[in-house]
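These are my notebook entries on a structure that I looked up for the first time. I record the domains, the salt bridges and the aromatic pairs in turn.

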Amino acid sequence: MQARTAVRMKQEVAVGMYVDEDRDVYMIERKDTIVDIIRMQQKAGLWQTLSVDLVDCGPGSREGDNYMSIIKRVKAHCKAKSVDGRNHVFTISLIFKRQITNPNRRRLFRCDAAFENEITAYASIVPVLQRISPYDLPYPKCVTAGSDEHGDRIVLEDLTTSGYAMLDRRVGLSYEHCIAVMKELAKLHAVSLAMKHAHPHEYADVCSKIREIVYCPEAAEFYTHSLESSLRGALDSLRYSNGEQGELDGPIRAVEGLTGRLYRIMSALVCDGMDEGWRVICHGDTWVNNLMFSADRQHVRLIDLQTMRCTTPVLDILHLLYTSTEHSMRRQYVPELLLQYRQSLLAALGEHFCACEEPAAAAALLRRYADQFSYARLRAEYDRCLPYGLGIAMWLLPAVTFNPDKIPDLDAVTIQDFKTKKHDKRIAQIVSNDYHTRMRDIVLEMYDQGVLQRLKSDRI
């Protein structure tokens, strides 16, 4: 009797909790929480009664695909009676994001600031942008973003139920995937440009809510050491890849010249030096793990808004290409991708202006933006910001290329590990051959295009 009572009490909360000794504890979600969330999504008065029989909680991402929060897929098996007296049985699937539980890791990686940024994005920024936009923005539907008795919480639609999937991070994105991303990034950036024109005060208010959490004074110490560690790892990789003929000698010397400067170079590109007419609200972290594609590769959703920032739009493009594509794709298709981005940007701006301007005024505005974002100017801005592509590749390629069976334990990392090169040794032991190949290709690209030589002469 006592055992049956214990089982029944557990089921009153939820079923499906699991605990792995080597990972964060994945807290189950209460039945009453799920009921409240379901009611948020439904029209008022739809259900006369609503109950949840079972809640299954499981991982919402693959091992090694997420570092800054706990992602859970929560499936609830529900019963309801509608106002007309009919009974209904259905299952709902949602994605829950919660804070990681290790306090040291949260402090070191600034997880609290990142989570707060994402809550603000879903609660206060995306709704405003979507209201302004004449088309759907490429974000998952957010059911709720805020806090409950268990702490910070973001609840999103489960995109997998609509056929979307995250790709294998170790496989470079195809041209078709990149085209889909270019189209959506252009539409996203167009909202900022249109809003700056038609609603400048509202745009300024939205931007004031966006916090830079990486390239800011309070983050500078940790991220400086983190980037320097990545730079040392890249140099070790290049020396490992250097053949007997020493074909990498020149690039290696040029990369060595970045020592002690990489964070400042990246910060300057993100925060300063751009034409203010180009500054837009960017996703900020467009690598493969933050993208979900439809089965036909025609549509993409951008997830993880923790590093949303106001900066030049080409950084979203460079972030994508230098973390998530291979050399052959970039070598062949960068001009076509930039042309697609420009075409989609102008098409999206056309939708905005046609909805709120007289035809002649709309045409004039579109001509102005066509000139501002000419291919020549877009390519010049892209080339100016190429060092960002190099830096973000050094930083993220280890995570992109890790074998899922060889994931570093971030709970055990301290800032002293970066300062004493202890973290370098851990990463060196688990990086893959793919990392070495990609790092070599990217550095040679930058060297052949004169980017590394240009950085050598810069005073940043």
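**Entry 1: the two domains**

I looked up the C-alpha centres of domain 1 and domain 2 and found them 32 Å apart. The chain is divided into domain 1 (49–99) and domain 2 (142–150 + 160–455), with bounds that come from an automatic or database domain assignment. I note that this is a predicted model, in which local features need pLDDT of at least 70 and side-chain atom pairs count only at pLDDT 80 or more, whereas totals for chains, interfaces and linings use all residues. Residues are numbered from 1 along each chain as its sequence is written, and side-chain values use heavy atoms, with hydrogens and water left out.

Domain 1 gives 12 residues to it and domain 2 gives 17 residues, where contact means heavy atoms within 4.5 Å. Between them the domains bury about 1,100 Å², 47% of it on carbon and sulfur atoms; buried area is the accessible area (1.4 Å probe) that two parts lose on being put together, summed over both.

I counted 2 salt bridges between domain 1 and domain 2, a salt bridge being a side-chain nitrogen of Lys or Arg within 4 Å of a carboxyl oxygen of Asp or Glu. Strand β3 (residues 87–98) supplies 4 residues, the largest share of the side of domain 1 that touches domain 2. Helices (H or I, at least four residues) and strands (E, at least two) are DSSP runs, numbered from the N terminus. I also looked up K97 and found a salt bridge with D304, with the closest N and O atoms 4.0 Å apart.

**Entry 2: salt bridges in the whole structure**

How many salt bridges does a search of the whole structure find? It finds 28. Side chains of opposite charge can pair when their charged atoms come close.

I looked up R86 and D84, whose side chains meet in a salt bridge at 2.9 Å, N to O. R86 is exposed, with a relative accessible area of 53%, while D84 is partly exposed at 47%. The cut-offs are under 20% relative accessible area for buried, over 50% for exposed, and partly exposed in between (1.4 Å probe, protein chains only).

D168 and R170 form a salt bridge at 3.4 Å, N to O. D168 is partly exposed at 32% relative accessibility, and R170 is partly exposed at 32%.

I next recorded R297 and E176, which form a salt bridge with the closest N and O atoms 3.6 Å apart. This pair links distant parts of the chain, 121 residues apart: R297 lies in the loop between β7 (291–293) and β8 (300–302), and E176 lies in helix α5 (residues 175–198). R297 counts as partly exposed at 37%, as does E176 at 39%.

I close this entry with a network of salt bridges that links E29, K72, R98, D148 and R153.

**Entry 3: aromatic rings**

Rings of Phe, Tyr and Trp (its six-membered ring) pair if their centres lie within 6.5 Å; planes under 30 degrees apart count as stacked, over 60 as edge-to-face and the rest as tilted. By this rule I counted 9 aromatic pairs.

Why is the pair of W278 and F373 tilted? The ring centres are 4.4 Å apart and the planes stand at 45°, so the pair is tilted. W278 sits in the loop between α9 (262–271) and β6 (280–282), and F373 in the loop between α12 (359–372) and α13 (375–384), 95 residues apart. W278 is buried at 6% relative accessible area, and F373 is buried at 1%.

Finally, I noted one aromatic cluster, formed by F109, F222, Y223, W395 and F418.
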